[in-house]
Amino acid sequence: MVELDGFGKPCPLPLMLVKKALDEGSTEVGIRVDNETAVANITRMLGQKGLGYDVVEIEGGWFISTSADGVVSEAVTPAVATVCGPQGCGYSVFVGKDHVGEGDPELGYNLMKMAIYTLSEADVVPASLLFMNSGVKLVCGDESQTIESVQAMQEKGTEVLVCGTCLNFYGIADDLKVGTVSNMYDILGRMHEAGKVISL
C-alpha cells in the first residue's frame, strides 16, 4: 500500500496526493488526514471513481484507505438541462463575493440576492453553483430568499459546491444551510467541464 501523510496540509492538497497516486497506477492507497473536510473530499472522490474505502480514527485524525470491500459512495450527476458544445456542457456560476459590483455595499448585496433568485427562476438552471471567498457567507446567513433560491436550484439538479477553506477562514462552517463542502480541485473542475462560466 502507498501510504501518504496529509497532516497539516491545507485543502485540497491531501486530495491531490491521493489522486496523483491513483493516476500513477496505485490501487491500494492510504492517507493520514487531520480534518473532517479532507475526509469528506477524499471519500467523495473515491466514491465517484467507484472505489471502496475505509475510514479509521487514529491519533490526531483519520486514516483513509482504498478497500475492495469498503464503502462506495454514490456519485451524484446533476439532472439539469444542458447544452453541450466543443467547450463543455451547461454553464457554471461562480460566486466569489457576497455582493455584485463595487460601490454601495447594501446595493451590491441586494443585487446579488436578486441575481441568485433570477437564476433559480431561469428555464435552464446552472449545472453547478460555486461559492468561494466571501461568497460562502450567502449560503450560511439568515437571508431566507437567498437560501431558498439556492435550494430551488439544487432541487432542479444544480450541484452546489462551497469552499471548505473559505468556510473555515470565516468561522462559519457550522452555519452552512445548503450545498456541499468542497475544495479548489472540484470547483475548478466544474468550471473546466462547463460550456461557459458566469462570474458574479
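Helix 3 and helix 4 make a left-handed crossing in this predicted model. Helix 3 covers residues 105-120, helix 4 covers residues 144-155, and the two pack with their axes 9 Å apart. The angle between them is about 25 degrees. Angles under 35 degrees count as roughly parallel, and helix 3 and helix 4 are therefore roughly parallel to each other.

Now the residues that make that contact. From helix 3 they are Lys-113, Ile-116, Tyr-117, Leu-119 and Ser-120. Helix 4 brings Gln-145, Thr-146, Ser-149, Val-150, Ala-152 and Met-153. Sorted by class, the contact of helix 3 with helix 4 has 6 nonpolar residues, 4 polar and 1 charged.

There is another helix pair to look at. Helix 1, residues 13-23, and helix 2 have axes that come within 9 Å and cross at roughly 25 degrees. Helix 1 and helix 2 are therefore roughly parallel to each other too. What is the hand of the crossing of helix 1 and helix 2? That crossing is right-handed.

On the helix 1 side, the contact is made by Pro-14, Leu-15, Val-18, Lys-19 and Leu-22. On the helix 2 side, Ala-38, Asn-41, Ile-42, Met-45 and Leu-46 take part.

Is Thr-37 buried or exposed? Its relative accessibility is 15%, and buried means under 20%, so Thr-37 counts as buried. Setting aside neighbours within four places in sequence, Thr-37 is in contact with Asn-168 and Val-181.

Tyr-185 sits in helix 6, residues 184-193. Along the chain, Tyr-185 and Leu-15 are 170 residues apart, yet their C-alpha atoms are separated by 8.3 Å. Which residues does Tyr-185 touch, leaving aside neighbours within four places in sequence? They are Pro-12, Leu-15, Met-16 and Lys-19. Of these, Leu-15 and Lys-19 also belong to the contact of helix 1 with helix 2. Tyr-185 has a relative accessible area of 29%, so it is partly exposed.

Next, the loops. His-99 lies in the loop between strand 6 and helix 3. Beyond neighbours within four places in sequence, His-99 is in contact with Gly-108, Tyr-109 and Met-112. The relative accessible area of His-99 is 21%, which makes this residue partly exposed. His-99 and Ser-134 are 35 residues apart in sequence, and 8.8 Å apart in space, C-alpha to C-alpha.

The loop between strand 7 and helix 4 holds Asn-133. Asn-133 has a positive phi of about 50 degrees, although it is not a glycine. At 42% relative accessibility, Asn-133 counts as partly exposed.

Last, confidence. The protein averages a pLDDT of 87, and 90% of the residues score at least 70. Where is confidence highest, and where is it lowest? Strand 7, residues 128-131, is highest at 96, and strand 5, residues 84-85, is lowest at a mean of 50. Over residues 74-83 the pLDDT is below 50. That stretch, residues 74-83, still has 18 contacts in the model beyond near neighbours in sequence. Where pLDDT is low, the predicted coordinates should not be read in detail.

How values were computed: Residues numbered from 1 in each chain as written. Predicted model: local features only at pLDDT ≥ 70, side-chain atom pairs only at ≥ 80, totals over all residues. Heavy atoms only, no water. Buried < 20%, exposed > 50% of the residue type's maximum accessible area, 1.4 Å probe, protein only. Contact = heavy atoms within 4.5 Å. pLDDT = per-residue confidence, 0-100. Helix = DSSP H or I, 4+ residues; strand = E, 2+ residues; numbered from the N terminus. Axes fitted to C-alpha atoms, helices over the stretch in contact; angles between N-to-C directions. Parallel < 35°, antiparallel > 145°, perpendicular 65-115°, else oblique. Left-handed = near helix turned anticlockwise from the far one by under 90°. Nonpolar A, V, L, I, M, F, W, Y, C, P; charged D, E, K, R; others polar.
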